[in-house]
Amino acid sequence: MIKAKPQQALSFYDSVQAYFDKAAVHTGLDQGLLDQIKVCNAVYRMKFPVKINGGVQVIEAYRVQHSHHRSPTKGGIRYSKHVNQEEVMALATLMTFKCAIVDVPFGGAKGGVAITPWDYNEEQLEKITRRYTAELIKRNFIGPSIDVPAPDYGTGEREMAWIYDTYRTFNGEEIDAAGCVTGKPVTQQGIRGRKEATGRGVYYGIREAVNSAEDMKKVGLEPGLEGKTMVIQGLGNVGSFAGKISQDEGGAKIIGIGEVEGAIYKPDGIDIHDLIRFRKETGSILNYPGATNFSKADRGKVIEFECDILVPAALENEITVNNVDKVKAKIIAEAANGPITSEAANILVNKGVLILPDLYLNAGGVTVSYFEWLKNLSHMRFGRMEKRFNQNIMAEMVNVIEEKTGKKITDIQKQTLVRGADEIDLVRSGLEETMISAYHQIRDIMVRNPSIKDLRTAAFVNAINKISSDYLNLGIFP
Ligand code: NAD
């Protein structure tokens, strides 16, 4: 039998453009205004030399500011050998709509450095990161009121600390310098809860979606996350926190994991903490006790595992026209950016699969980055002013209740009641509120407009409408 030739999958950027166009027709806005909202406003491509192992390597890197309708622009920095201009443009575009969906006052941006981070040691990565930051400073592409990077694939707190330190070195007099980058370590002006934020936001988004009895009926599931089976692709920052929190706080049953070294499937459940420990010890998820292994060459099969909820949390273009027919999940929770091409997404929507779209679902990261930026500008930890005051009021209230009822409240109950909120409590509750209200804004748009069949189109409509009001206030557009 002759094997069918795989079709050329749509590029990530083309998919994002197609998603935009599909939603734009529902907004009724002027075409010139839609064109302005759609295009990338500034693209900076750079090449710089870095001395590595006695030789010089020319590093290719980018920073794209998709939309200047609000300042600063905001978006992560990715380190991956696949980084190219189109990919960074796609990611920056998504950031603009993501920020609008969760009501954070930024335009979208993204950065990328075309390197495989694990090919370099820490010292070399620091050199590359500091030089990249210097290039951004040189062209005025970074600053608390200009453009504020954050972590993305291949980067984390360590890289953000180097960026902050480099920026501060060049801008010693700037009092708000710490607001030039988010996702910093807590000891370097970061905020508690940023590291887990994207994964935690993914959990809140999934929980909200599966709590709707009406929506679950459509996909043939009972409402609630407890006991639902989940498969995760990518056990990095976003995937591991999404998995841990879904298991610990939501009672989800994780039955499959995919990583670079392969994939594993275990229908009776995998304890995610135990698996992370196992991977740390052995260097691989493969051979986890009781699980079926899929080799590195077959790692893509994780997308095809039978489950209720599939969480792609690695990279883009994982579900395309070539494998979409093999997807068995009833819900796909896009923790990664762009994991499904627009053609494949149309097929899944027509099949009745519920897709929680990236531009909503992984917006927890930028939401808590916004809190971090505010903390940096205010120069004060959240909760500092009111924590003790709230504790005193609650303690007084407990005394009054005991006095009036003549009943004693237990010490454990007292501790819970009189506890004032710490920074982490405020960050988590702010994130939870943001993810819940954003979900309902999007779902309401879909429910009110029967010609909108999926949450992604509704999310784009919501974002485009919000951004358009900024432009309309300028008086340029009709
Ligand atoms: P990360 O580098 O921490 O983790 C990604 C993981 O995916 C790594 O463990 C890597 O080994 C694994 N991986 C790579 N290719 C794979 C493959 N083919 N199959 C299985 N696993 C594979 O990156 P991250 O920060 O968790 O980002 C993951 C995704 O989430 C990206 O799409 C990113 O843009 C998106 N995202 C991240 C954030 C954030 O705050 N970090 C925010 C929003 C969106």
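**View 1. Aromatic pairs in a predicted model.** Searching the whole structure turns up 14 aromatic pairs, where a pair is two rings of Phe, Tyr or Trp (its six-membered ring) with centres within 6.5 Å, called stacked if the planes are under 30 degrees apart, edge-to-face if over 60 and tilted for the rest. One of them is F106 with Y370, edge-to-face at 5.8 Å centre to centre and 85 degrees between the planes. F106 sits in the loop between α3 (85–101) and β4 (107–113) and Y370 in helix α12 (residues 364–378), so this pair ties together parts 264 residues apart in sequence. Helices (H or I, at least four residues) and strands (E, at least two) are DSSP runs, numbered from the N terminus. The model is predicted, so local features need pLDDT of at least 70 and side-chain atom pairs 80 or more, while totals for chains, interfaces and linings use all residues. Numbering runs from 1 along each chain as its sequence is written, and side-chain values use heavy atoms, with hydrogens and water left out.

**View 2. Y203 and Y204.** These two make a tilted pair, 5.6 Å centre to centre with 45 degrees between the planes.

**View 3. A ring cluster and an arginine.** Y19, F20, F97 and F460 are linked into a cluster by ring pairs. R456 lies over the face of Y19, 4.0 Å from the ring centre; the cut-offs are NZ of Lys or CZ of Arg within 6 Å of the ring centre and within 35 degrees of the ring normal.
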